[in-house]
Amino acid sequence: MGRIAKTCLRSLLKLANSVMGIIGIAMVLYSCWMIRVWQRDSSYVDYSSTGPWFIYSFLGIGVTLGAIACLGHIAADSANGCCLSFYVVIISLLLLLEIAMTADMLLNSDWEKDLPEDPTGRLHDFEDFVKSNFDIFQWIGLMFTLAQGLSILLAVALRTLGTNQGSYYNYDTDEDYAPERLPLVNNKVQPPPYVKANK
């Protein structure tokens, strides 16, 4: 029963990470498209002025989400307590950062004045795009936040179930107790189908 529950938790954690990974990939692709349009539209680039901070920050957030999704897949596959704890800390920090940014936008009515000037004009285009498709973006934001919360919950539940108990029995040792340290990834070596005896 425990093995089935652990397999279900691993699969659900991988699914929740896939949602975050897909959103991260979409952000990377959109930022690459914005960079291409910005380079096509600008006849000369003044590198001494403020760069396209919005495009690069969008790209950085997308790459970060993709890396966190990869970390989540590794944590779900290995079911190692240390890896799962590190993943929970990273997701919790990301969720707290999102909450802080949302609170700043809701409580500070002049939050747009705190942003640096965008020489590309892509921030204004993105704002118009979000305003025209606000219902869709609400659902995407809700789905992303729920995926993060579900990832934290599933990772804690998977960590609570413990490491792979079957690896204790397959680990070669002469002692009566299970070893204190096990490998991070369970590399099971298959025994040969027959043993040839030397005479």
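These legends accompany several close-up views of a predicted model.

View 1. UniProt, in an unreviewed entry, places the feature "transmembrane region" at residues 12-33, 53-74, 86-107 and 136-158. Take the segment at residues 12-33 to begin with: in the model the chain here is 100% helix and 0% strand, with its end C-alpha atoms 32 Å apart. Now turn to residues 136-158, where the chain is 100% helix and 0% strand, and the end C-alpha atoms lie 32 Å apart.

**View 2. Helix H3 from end to end.** Helix H3 covers residues 81-107, which makes 27 residues. At 1.5 Å a residue the helix should span 39 Å, and its end C-alpha atoms are 38 Å apart, so the two values agree. Have a look at the start of H3 as well: there, a side-chain oxygen of Asn 80 comes to within 2.8 Å of the backbone nitrogen of Cys 82.

View 3. Which residues of H3 are buried? They are Gly 81, Cys 83, Leu 84, Tyr 87, Val 88, Ile 91, Leu 94 and Leu 95.

**View 4. An aromatic pair between helices H1 and H2.** Searching the whole structure gives three aromatic pairs. In one of them, the ring centres of Tyr 30 and Phe 58 are 5.6 Å apart and the planes meet at 70°, so this pair is edge-to-face. The pair joins distant parts of the chain, with Tyr 30 in helix H1 and Phe 58 in helix H2, 28 residues apart. Are these two residues buried or exposed? Tyr 30 counts as partly exposed because its relative accessibility is 23%, whereas Phe 58, with a relative accessible area of 12%, is buried. Include Trp 33 in the view too, as Tyr 30, Trp 33 and Phe 58 form one aromatic cluster.

**View 5. The pair formed by Phe 129 and Phe 137.** The rings of Phe 129 and Phe 137 have centres 5.7 Å apart and planes at 85°, so this pair is edge-to-face. Phe 129 has a relative accessible area of 40% and is therefore partly exposed.

Conventions:
Residues are numbered from 1 along each chain as its sequence is written. This is a predicted model: local features need pLDDT of at least 70, side-chain atom pairs count only at pLDDT 80 or more; totals for chains, interfaces and linings use all residues. Side-chain values use heavy atoms; hydrogens and water are left out. UniProt positions are given in the numbering used here, feature names are shortened, and annotations may be inferred rather than shown by experiment. Helices (H or I, at least four residues) and strands (E, at least two) are DSSP runs, numbered from the N terminus. The expected span of a helix is 1.5 Å times one less than its number of residues. Buried means under 20% relative accessible area, exposed over 50%, partly exposed in between (1.4 Å probe, protein chains only). A polar contact is a pair of N or O atoms within 3.5 Å; within protein, one must be able to donate a hydrogen and the other to accept it, and residues adjacent in sequence count only if both atoms are side-chain atoms. Rings of Phe, Tyr and Trp (its six-membered ring) pair if their centres lie within 6.5 Å; planes under 30 degrees apart count as stacked, over 60 as edge-to-face and the rest as tilted.
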